[in-house]
Number of protein chains: 2
Amino acid sequence: MPVDNPAFDLDQVRRHCARCDLRDLCLPAGLDAADVERVDDIVADRTSLATGSTLYHAGSPFRALYVIKTGSLKTQAVSEGGELQILGFHLPGEIMGFDALAGERHQCSAEALEASSVCRLPYAELERICAAVPGLQRQFMRLVSREMGDDHDHMAMMGRNQAIARLALFLHSMSKRQTRLGRSADQLTLTMSRADLANYLGLVLETVSRLFGRLQEMGLIEVRRREIKILDREGLKSVGEC
Amino acid sequence: MPVDNPAFDLDQVRRHCARCDLRDLCLPAGLDAADVERVDDIVADRTSLATGSTLYHAGSPFRALYVIKTGSLKTQAVSEGGELQILGFHLPGEIMGFDALAGERHQCSAEALEASSVCRLPYAELERICAAVPGLQRQFMRLVSREMGDDHDHMAMMGRNQAIARLALFLHSMSKRQTRLGRSADQLTLTMSRADLANYLGLVLETVSRLFGRLQEMGLIEVRRREIKILDREGLKSVGEC
DNA sequence: CTCCCGCTTTGATGCGGGTCAAATGGCCGC
DNA sequence: GCGGCCATTTGACCCGCATCAAAGCGGGAG
């Protein structure tokens, strides 16, 4: 599963939360140096994932949580009837695998949308040091709570029954999430296919494609393949309100 | 907010997780008697809620989590454009308020669908004893994880674009959740209005009403107002698969 | 460079479900 | 028991999105 690249200075990438760009977004946020060190110690490894490779499969036993370091992933569940539903797209600093806790097994699969890397956190050890480091416990809860908030945004989006409102809301929420990472709010690089996006939004891919066209004609965005530039944030927001 | 009824033996209802029917579903699950006692001690109060009354409002500061003891509630969020989205229906044993942790404020409102009661868990104290009681920490995580799983079920439902599949999936998942409570799997008493249900499913209420009719004609369920009897579980399941 | 394959766009058509409208039925207060 | 109100059902119409089909477009392999 881990992809080693001997030509690369692994030590720089693999170790030390203290030097990670995401430290203020991730578990170490708010901890002092000594406690960051303790988190650092339980990170089992920092795995690289190629595009399309799977971090975990639905049904496999739960051992660890993952925090995304770079790249992006999608989570998806398959119903008994074989219907696939994409549950979310996940960006750096976000925690993954939490829905497995209740049942001891992963409830969905996670797949890399581009070359990505994640930090693996064996749950047994995380649990142990959470009890010892109160600030970590709190920050962990915040991350999980943030995931839940993202899920609620997703639901609110699926609730709109104008298709164009869904797409507008999606773009708006992606833009908002990008800013959490310190990236530009107006320049999005979508890493998922139109088919993935359509599934996520509860539409078919042709509709999504047409709607990108419509939003562009309206002067709200500029589309070039998966590169999206937001030209009129307010206008986009109002389209999102049906 | 708390409704006192002096004719009722409060002590029996209000205190003692040890005697609660939900103890195996709720936070005390898996704890020994001494630890259950410690959980008991931090339960600030066991509040009664009348139909339509609000447990917490979106935007209000976060202080406590709640576990439902009896009855049912809905959570809903209002977008900036004033659009309302029902995020979930919540049954006894489920934990509420968790999505507020990330932002210090409640992100959605919670309203009782019928006469209900909840146990209030001040978060600061819960955090404190979670660190001290490892089994509690774990069970707390399980409850939160279960909430997340329910949210994912909701998304999978919204993803189906056949309206009748959504309703069938909803009925199926409610039935499943009922069984967690030891209730009959085939007899549902819906506590939400058709309008609430429609909003939850991303449909309009007329459509929901017609679909109940369709499912009844198909011999899969029996509808009488909000009382639903499931006649053909397998058939219902296959309708849910589009 | 060229071929080929998968992703994306664009077009034409039909139907499911939204919308507007009105009737029915239960429940509560009086 | 009666009247009024709100929840729910039922009906008619029409639009938006799914469906089916085909044409661009870009990127990777050779």
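Start by selecting the surface near DNA strand D, which by class has three nonpolar, six polar and seven charged residues; here a residue is near a strand if one of its heavy atoms lies within 4 Å of it, and the classes take Ala, Val, Leu, Ile, Met, Phe, Trp, Tyr, Cys and Pro as nonpolar, Asp, Glu, Lys and Arg as charged, and the others, Gly among them, as polar. This is a predicted model, in which local features need pLDDT of at least 70 and side-chain atom pairs count only at pLDDT 80 or more, while totals for chains, interfaces and linings use all residues. Residues are numbered from 1 along each chain as its sequence is written, chains are lettered from A and ligands numbered from 1 in the order in which they are written, and side-chain values use heavy atoms, with hydrogens and water left out.

Stay with DNA strand D, around which 16 residues are found, the closest being A:Ala163, A:Thr207, B:Arg194, B:Ser209 and B:Arg210. Of the atoms of DNA strand D that come within 4 Å of the protein, 59% belong to sugar and phosphate. Next, display helix 7 (205–217) of chain A and helix 7 (205–217) of chain B, each of which supplies at least two residues of this surface; helices (H or I, at least four residues) and strands (E, at least two) are DSSP runs, numbered from the N terminus.

At A:Ala163, a backbone N or O atom lies 2.8 Å from a phosphate oxygen of DNA strand D.

Now turn to the two protein chains, where 38 residues of chain A are in contact (heavy atoms within 4.5 Å) with 38 residues of chain B. The area buried between them, that is, the accessible area (1.4 Å probe) that two parts lose on being put together, summed over both, is about 3900 Å², of which carbon and sulfur atoms give 58%. On the chain A side, select A:Met141, A:Met148 and A:Met155, which lose the most area to chain B, together 17% of what that side buries.

Finally, show the eight salt bridges that the rule (a side-chain nitrogen of Lys or Arg within 4 Å of a carboxyl oxygen of Asp or Glu) finds across this interface of chain A and chain B. One of these pairs joins A:Arg138 to B:Glu127, with the closest N and O atoms 2.6 Å apart.

Conventions:
Polar contact = N/O pair within 3.5 Å; in protein donor to acceptor, adjacent residues only side chain to side chain.
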